[in-house]
Amino acid sequence: MTGRKTEDNEKCILTGATGFLGSHVMAGFLLKGKSVVIMGRSSGGESLKERIRKLLRWFGIEHLEVLLEFHETDFQKTRMGLGVNEFEKLYKRRLPIIHCASDTSFSEKSRDRVMKSNVENLSEILNFAIKSRAKFFHFVSSAYAAGTDSIKCSEAPVISVNFNNVYEESKAYAENIVSKRCGEGNLPYTIIRPSIVYGDSVTGRSLRFNALYYPVRSLQLIRDIYLSDIKNNKGIKSSEWGIHINHEGILQLPVRIFIPNEGKINLIPVNHFTESIFSIIENPLNKTYYHITSNNPQTMASLVKYTERFLKISGLEVVIGTPSADEMRNPPEELFDYFIREYRPYISDRRIFTRENTNRAVSGVLPPDLSYEIFERCMNFAVSADWGRNLFNK
Amino acid sequence: MNDILKTAKNCRHYAMCKIDFLDTGLCASGMEKHYVSFYPQGRMDLYAALAEERIPVTEKCIEIADSCDLCGKCDYQCYFVTEMKPSVVMNALKEHIRLYLDQGGEVLMPKHDNILEELKGIVGEYWATNDRAVALTYSHDPCPLAEPRMPEYVIMPYSTAEISAVIKLLNTHNIKYAVRGNGSSVMGFVMSEGAVIDLGRMKTIHFDEKNWVVKVGPGVAAFDLQKAAVNRGFRVNVAEPSALICANIMCSGIFSLFSASYGTAADNFVDAEFVGHDGEIFRLSDKSAQNLFAYRKEASGIPGICSSVHVRLHHITSDESAAFVPFESLERALDFAKDCAMRRIGLAIGVLGGEYISVFLSPTKKLAANVKKTFRDKLKIEYMVLVIGDRYSLRSIKEMGYNYFDNRMIKILNLGLPSLTSAKWLDLINDFTGDEPFSYLGLKHFPDLAEAALAPSPAQLVHDVDPELRTFFEKLYSRPEMTDPVWLNMFRIISARMGREKHVLAIMIYLPIDNKLITEINNEFKRIADSHGLKNDYGFITPLDNGKRCVFEYDYYLDHTDPGERKKAQQAIMEAGIMIEKHSSETGTVTWIRYVFGQGFSRKESFLFSTDEADK
């Protein structure tokens, strides 16, 4: 792709381009030769442009920077923090908007921040979109905005009033605001709801290492602690909990993973997400909800098998139920439980997501099942990127 | 400058060679002859002066050099505090004198002096001297604001009556004097061209348990008093371990983390005895005595010589323990500390910075630097609030929603520090902790995991200690008290290493626990020191009077042997002083400790609070 700026009628505005999903959408547009107007903010001493450049290098498409247009914005400020002229010029272009910006924290302690970011910050971007009479407003939400009141989750407005965490709740509120404001402002919109997104199923590459990666990373950490104890401290602590190197030379790590029910984990690779979103926005249907989800979610048992094989450990056991208060938990179990506490609702999730709208938009293309080969590819990349710490050298 | 001379000149005068804090026993000659000249500290000064030909070889030089038996105890003590090994200097001093005498060098004998004879008549032949070798060891300190002053006489009285007679005699001859503590005040207060009175022989300790007091002589050091008190099941509020109790109260009043509950200044004693500037003896409780409880905001001298003090005794309960509560910001740490103080939770409370914590945990400078970085960068700990209390206090902290490093975790961390600094898994701990910092400390089995991960042991902790001393330090850290934060705080060992890298100049102020004000002053202290290229760091904050006020220490560090750094420090202190005065006049609630010096017997309320506004 050589990078020649496209006309405005082929452009769109993208928020959240420095995040996981947004950056892949941006890269996808650029690889299709389409220009993108990036709205975002500087962070940690880096300007928006610097942050995006870093990502372009990661995608190996630095040469396509010419297709980008940057606007430093702050959604908490009037006119999104833009000057009067800049704001005016921008809204007059009537560009479609893909709003990916989001705070993905699940922690109740971060409630204020999450609500501000995911709900309150919608106000200014929607003001802009309505004033602009944008061609379309695509809101990237989450399949889990569906809440917990119903197992069957259809591609329709949220009816639940109960949620697993503040993230789900904020996304439900946000969807409601988007549909209401867009309806009032005659602004066509879509709500796009991915489930849990992991790395690229073909290359294994990823920019984020939470969700699917957390349990594996947790167990790697626990494994390394006890391998070190065995190697450097005669395994004194390991032996207290029955942790040892077994006859096959691999670490026997007795960890019971308690899950409340026989639920599953709904995972999709990021390349499927981007392919789907492009199909959706190519021919979007107003007021339509799209589930970018898997029809064949993984069980925890299969992921545990993958993890044992990948980390060269044994002893992991999935237990359906909740441990009693006085049940003896060993240190690795307690630590693992702590590490994945925020993801607990998603590793035994019984919710089923329908995807008729999406199937129509993507002509029936489904995400690939998470095979061990894909899992290994993704985890190898994660390890080589030191779970994100060494990301931009990759 | 060769390494031996460099070591000699680097003695910080912290007097840790004069207390037996490592249970190694003390320098035998120092114990016998009492003059600082006979302790490693004095020999360091003496060797430096001889090597630089600043004094002649005198009769006492020979006695001082000969009396060192090269036992090496000073290496353990000094290495613990400053990472220096004084025995090379002790050896060099002996060698210097031997060579001098072998080459037929002349030994300067003391000149006859009528006043000296009179002084000897009071205190005994051995306990007054005008020998230049002894005088030299009383002539300077590392304070950048103090110029050396060589005293004519050094006198070591043994009783209040002797002090009284000495003062009267000095007054008769119009001779100025200074009273010396264990080290050299390190504030420049204890030098005089006339006489220096060293009270180091007056080490009496008499308990009156029925009245919850202990009568302490002016030569008693904090460590020794605390040891005696603890042996009887009590605790006293003390300052730095080598500081003399009477001198410390006289100077600034005693404050420590325990001041959060025991108070400071007049809170710490019941009565005291003085020898006034006229040589007359009076007690604080005398109705006719001058009112030392009163306070006036002025830089003042001492009201006399404190010859004994009745120090208050406190309970120790068997369930005392420590909680180190970690925080990412000073503001949040202050909020918590204030909350504890207001609710009277805990006996000792201190908001400690990364420098303080890492230096106290680490036996070497190199490890301390790595630990500080690890705490800040990997554990995301910028500040810790240390609370010492009984089990009910610690339970309250949990109920307040805070997780903390308890005694067991601190021991694991301490003995596993080298592994901690290289632990890759710390990064993951923080990533997983996410928006709930330090929540991992709430895991029941976290100490087990930390033990497995860090493999803590005394051997591991001391792996980069000087090989000659490693065995000793390994044994030392095997002793439970050396990793017990309650013991380390009670005996003030926790702050003993603050001047390890360079001499530390503590700037102290009293002020309200007002986050904005403290942050502003903290930033100003930093800005001033940075502008002069001086190492500097936040020290500690301890709430006083149930959190209505606090004492705040900020530390500037300097190489006291470097004239350039001394000059920079002088300038920085001056600017810091101007900044404090500005805040003091703007708020009416900030008091620089400079105005408390010499008034440490006053009521704390009189310098913490002002009645001016209410009187208007």
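Biologist: Which strands of chain A does helix α1 lie across, and at about what angle does the helix run to β1(A)?

Modeller: Bear in mind that this is a predicted model. Helix α1 covers residues 20-31 of chain A, and it lies across β1 (12-15), β2 (36-40), β4 (97-99) and β5 (137-140). Its direction relative to β1(A) comes out at about 155°.

Biologist: And helix α2, which strands does that one lie across?

Modeller: Helix α2 takes up residues 48-59 of chain A. It runs at about 140° to β3(A), and the strands it lies across are β2 and β3 of chain A.

Biologist: What is the strand order in the open sheet of seven strands?

Modeller: The pairing in this chain A sheet is parallel. From one strand to the next, the twist averages 20°. Reading across, the order is β3-β2-β1-β4-β5-β7-β13.

Biologist: Why is one side of β3 and of β13 in chain A left without a neighbour in the sheet?

Modeller: Strands of a sheet pair through backbone hydrogen bonds. β3 (68-72) and β13 (288-292) of chain A each have a single partner strand, so one side of each has no neighbour in the sheet. The reason, then, is that both stand at the edges.

Biologist: Is β13(A) largely enclosed or largely open, going by its buried residues?

Modeller: Here a residue is buried if 20 or more other C-beta atoms lie within 10 Å of its own. Four of the five residues of β13(A) are buried, so the rest of the structure leaves the strand largely enclosed.

Biologist: How many bridges join β7 of chain A to β13(A), and which residue stands opposite A:P194?

Modeller: Strand β7 spans residues 189-194 of chain A and runs parallel to β13(A), with five bridges joining them. Along this pair, A:I192 stands opposite A:Y290. For A:P194, the residue opposite in β13(A) is A:I292.

Biologist: What radius of gyration does chain A have next to that of a compact globule?

Modeller: The C-alpha atoms fill a box of roughly 70 × 45 × 40 Å along the principal axes, and 45% of the 394 residues are buried. A compact globule with 394 residues would have a radius of gyration near 21 Å, so chain A agrees with that at 22 Å.

Biologist: How far apart are the centres of domain 1 and domain 2 of chain A?

Modeller: The domain assignment gives domain 1 as 8-204 + 266-295 + 351-369, and domain 2 as 213-262 + 299-347. Taken over C-alpha atoms, the separation of their centres is 35 Å.

How values were computed: Residues numbered from 1 in each chain as written. Chains lettered and ligands numbered in written order. Predicted model: local features only at pLDDT ≥ 70, side-chain atom pairs only at ≥ 80, totals over all residues. Pairing = 2+ DSSP bridges. Helix = DSSP H or I, 4+ residues; strand = E, 2+ residues; numbered from the N terminus. Axes fitted to C-alpha atoms, helices over the stretch in contact; angles between N-to-C directions. Contact = placed C-beta atoms within 7 Å. Rg over C-alpha atoms; globule rule 2.2 N^0.38 Å. Buried ≥ 20, exposed ≤ 12 C-beta atoms within 10 Å, placed from the backbone. Domains from an automatic or database assignment.
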